[in-house]
Every structure is written in structure tokens, then in C-alpha cells.
Amino acid sequence: MTETAAKATAAVAFAPPTRFAVPGRVAVAGEAAAVWQTATITGVRRETPHASTFRFAVPGWAGHLPGQHLMLRLTAGDGYAAQRHYSLASAPDDSGHIELTLDHVVDGEVSGWFHTVARPGDTVEVRGPLSGFFAWPGDRPALLLGAGSGVVPLMSMVRHHRARALDVPLRMVVSARSPEELIYARELGPETTTVFTRAAPRGVPVGRMAATHVAPLLAEQPAGGWEAYVCGSNGFAEHASRLLVAAGQPVDRIRIERFG
Amino acid sequence: MNITRGFTGRPRTENAGLPPGQYDAGDDWPVLSAEVTPELTVADWSFRIDGLVDEPRTWDREAARTLPASAYTGDIHCVTGWSKFGVRFGGVSLDAFLERVRPHGSATHAVAYSHTGYTTSLPLADLTGGRAWIAFEYEGRPLPAEHGGPARLLVPHLYFWKSAKWIAGLTLLDHDEPGFWEQNGYHARGNPWEEQRYSGD
């Protein structure tokens with residue numbers, strides 16, 4: 001190969017033989033994500049017996065899109081630090097505030113601090129927003145499937161949809177163990193179908209998310225097709241993504257955020 | 001240092017194997033793929049190396065079996081924060097594959113790509129010298145599909161997003177060509193010991 005030919009080859013961007021199922025939805029600003037910022041707790045709202053929403057003032061927050069997450073760090077007196085990724089629950093706005101909804105994980109050192117120690121005025125550190133593949137800018141019809149605290153990034157999308165009064169179709173199916181464990185229960189509207197896996201109000205069936213929940217939504221076929229977002233435990237994500245595929249949703253229109 | 005009021009954290013353990021900012025996941029092995037787990041059988045699986053090489057080549061499972069077996073026992077580290085200790089993967093050293101395609105001297109980087117189309121970019125130096133494998137087994141059993149079976153790339157000295165699941169091929173290049181997470185704000189190299197999580201770290 002000649003020198004010129006080699007250079008020409010190198011200039012062509014690599015394209016894998018298979019198109020990736022879930023290309024990034026948004027360009028990610030590296031600079032904002034690289035800086036740790038102080039976040040001050042300004043309020044705490046209980047959502048369920050095991051989950052609360054924490055509101056933070058982050059004066060330098062660069063803004064985010066629904067579905068993005070951040071990294072949060074707590075530091076002990078001896079310098080020991082613990083950091084975790086959490087989805088943003090709030091819709092993007094210009095309030096200088098963000099919200100996270102955190103499960104109280106058994107023996108969780110970070111969520112444990114939030115649920116037993118944290119109070120307004122406390123400060124933590126955050127960096128973000130991070131990752132673009134699960135982001136939803138509000139541009140395409142969105143079909144959202146979540147379980148447990150997997151509803152958190154999806155709720156950011158629902159809130160964004162409402163706040164901007166978007167016309168693009170949006171539907172959500174959320175699964176919880178029981179009505180008491182359903183996060184954001186009071187906020188859910190006609191866009192949402194709820195599924196209870198262990199206990200349900202009288203007259204409501206108990207069971208796992210099933211084809212009967214998903215198929216009617218796929219039958220709606222909005223213009224341009226659904227972009228599906230799945231969030232929850234790996235077990236739920238595997239189950240829900242198979243339901244979507246079985247109901248005809250293209251694999252390359254399913255984005256999955258798994259806990260861990 | 002920005003100390004968090006009332007935060008003490010887990011009891012400190014003297015674990016020299018834990019990179020900064022990581023915690024021990026114990027028996028858990030979280031699954032974090034962004035795409036639907038593919039229904040990829042052993043018969044459907046293939047692995048190709050091309051780009052800046054003398055002899056591009058494709059292996060199926062049987063052809064890969066003729067290469068010398070090689071195992072990795074050690075630790076793995078995920079950029080989300082967990083590390084997992086003392087895991088055992090069985091497979092073939094990537095050196096054995098590269099030896100047969102003969103990389104050009106001009107090759108400096110590689111893009112690893114999956115049967116799902118997932119991509120990740122790595123310096124070629126991180127894929128040679130007995131530090132990278134094509135792994136078919138985990139703890140003596142076939143690698144589970146959700147963890148990348150039938151075969152995944154294994155580069156355990158870097159954050160695990162570099163260890164592409166459902167590995168389909170490597171293309172050798174003379175420049176860095178950012179893959180999926182690298183385009184999504186993650187670090188070009190991803191060395192856990194230098195905590196290279198995001199671009200700019």
C-alpha cells in the first residue's frame with residue numbers, strides 16, 4: 001500500500017459490520033462531567049417506605065436531559081470516599097436545583113447515609129450529567145418500561161414531557177411490589193400503566209409485567225415508531241426487553257439502563 | 001477535601017487489589033449492557049481480525065479451539081464502581097490470534113466490535129503481552145449470554161467496558177477511533193488504577 005493510500009484509509013471513520021443497537025442520543029460535554037461540584041441538600045420528600053427524593057442546589061449545574069445520570073461522592077473525615085451513579089429524577093429546568101430519588105439499600109453505605117443521616121444544609125459532591133445513550137430529548141415517541149426505582153429516569157422524561165407540553169406520544173408501564181412501594185404514585189397520570197407483582201388493590205390483578213401490558217402499546221404505532229427505554233434490575237431488564245422484542249419492537253430501538 | 005457530615009463509610013479493609021473509588025462487589029456480578037442481550041449461539045459466533053494486518057482472518061468456535069488454551073484468574077473492575085475479586089475466565093490469549101494475522105508496525109490502536117454492533121477502542125499495547133483474551137468460559141462453565149457468551153473480549157487491567165461482550169472482531173488502526181462509551185464521555189484508555197473514568201480524568 002502506498003503512503004497516500006494508507007492515509008486515505010486512516011481518514012475513513014470505522015464502521016462496525018453491525019450497526020449498534022443503541023447509538024448515543026446526545027453529544028456529551030466532557031468538561032462539565034469532569035468537574036466535581038458541591039451539591040447542597042435543600043429538601044427531602046418521602047416517596048415510599050424505602051425511597052425518598054432528595055433535592056439539591058447545584059449552582060454550577062450544566063443542565064441535563066431526561067434519562068441522564070450523575071456520579072455522587074461522599075467523603076469521610078479520614079479521606080475515604082464512596083461514589084455511586086444515580087439517575088436524575090427531575091426534569092431539566094433552570095432552577096439551579098436537581099432531584100435524585102434513592103432507594104434505601106440494605107447495608108448501602110451511600111444510600112444508608114442519605115436515609116439515616118442526611119438533612120437539609122448537608123453538602124455532597126456530584127459530577128455530571130453523564131452518558132448520552134439513555135437520554136431522551138423529547139424528540140421521538142417514547143415507550144418507557146420500569147420496575148422499582150427504575151422508574152426514576154423515566155419519571156424525568158414524563159415530567160419533561162409535561163413541563164414542555166410536548167405533543168410527541170409518551171407511554172409508561174411501571175412495575176412495583178405493591179401500591180405502597182410505587183414511587184411517584186401521586187404523580188402518575190393517564191400516560192402510565194401500573195403493574196403490581198406482590199400485592200394490589202382489590203380487583204387489580206397481581207403478577208409480572210406481561211405481553212398484555214406491552215402489546216397494546218406497540219399496536220398504537222406512532223409516526224416514526226417508539227423509542228423504548230427500559231430501566232430496572234438486570235432480571236427485569238432481560239424480561240422486559242424480551243417482551244418488547246416479542247411484541248415486535250425492533251432491537252435497535254430498545255435502550256436499557258440496568259442497576260449495578 | 002470536602003468532608004460529608006456524619007459519613008463514616010464501610011469499615012476500612014486493607015485491600016491492595018482495590019483501585020481508587022472502587023468497592024468489592026463480593027459475589028455479585030452486575031450486568032450493565034445497554035442493548036438487548038442477543039440470541040447468539042456458539043454456531044453463529046465468529047471472530048475476525050482485520051485492518052492493519054498482513055493476513056486478515058476469521059475464526060469460528062472450532063477454529064479458535066485449535067489455538068492454545070489460556071486462562072485468567074484475577075480481578076475485574078467496572079467503571080460504575082464495583083470490583084470483583086478472584087474470578088476465573090478460560091479462553092485463548094489474544095496474542096495467539098494476533099500472531100496469525102501479523103499486525104503491521106503502523107498499527108497503534110484497535111476498535112473491538114460486538115455482534116450487537118457495540119464498539120470500544122483500545123491502544124494495541126493493551127491487547128498484547130499476555131494481558132488480553134477471548135474468553136469462552138467463566139468459572140469452568142460456558143460464559144452466560146448476559147455476560148457476553150458465547151465469547152467476550154477480556155482486558156482485565158482496564159475498566160470492564162473495554163471487555164466487549166459478544167465479541168465479533170478487532171480492526172487494527174494507526175489512530176484512536178472512539179467506540180460507544182468513549183463517544184459518550186468515557187475515557188480513551190480507562191485504567192482503573194489512575195481512575196480514568198471519564199474523558200478529562
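## How the strands pair

Two strands count as paired if DSSP finds at least two bridges between them; strands (E, at least two residues) and helices (H or I, at least four) are DSSP runs, numbered from the N terminus. In this predicted model, local features need pLDDT of at least 70 and side-chain atom pairs count only at pLDDT 80 or more, while totals for chains, interfaces and linings use all residues. Residues are numbered from 1 along each chain as its sequence is written, chains are lettered from A, and side-chain values use heavy atoms, without hydrogens and water.

## The sheet

Chain A has an open sheet of 6 strands in the order 4-3-6-1-2-5, with antiparallel pairing. Strand 4 (81-87) and strand 5 (97-103) of chain A each have a single partner strand, so one side of each lacks a neighbour in the sheet.

Strand 5 of chain A pairs with strand 2 (residues 51-57) of chain A over 7 bridges, in the antiparallel sense. Here you will find A:R55 opposite A:E99 of strand 5 of chain A.

## Helix 5

Now to helix 5 (residues 211-219) of chain A: its buried residues (under 20% relative accessible area, 1.4 Å probe, protein chains only) are A:V214, A:L217 and A:L218. Seen down the axis of helix 5 of chain A, these fall within an arc of 100 degrees (taken from the directions from the helix axis to the C-beta atoms), so they line one face of the helix. On the other side of helix 5 of chain A, A:T212 and A:A219 are exposed, that is, over 50%.

Just after helix 5 of chain A, A:Q221 has a positive phi of about 45 degrees.
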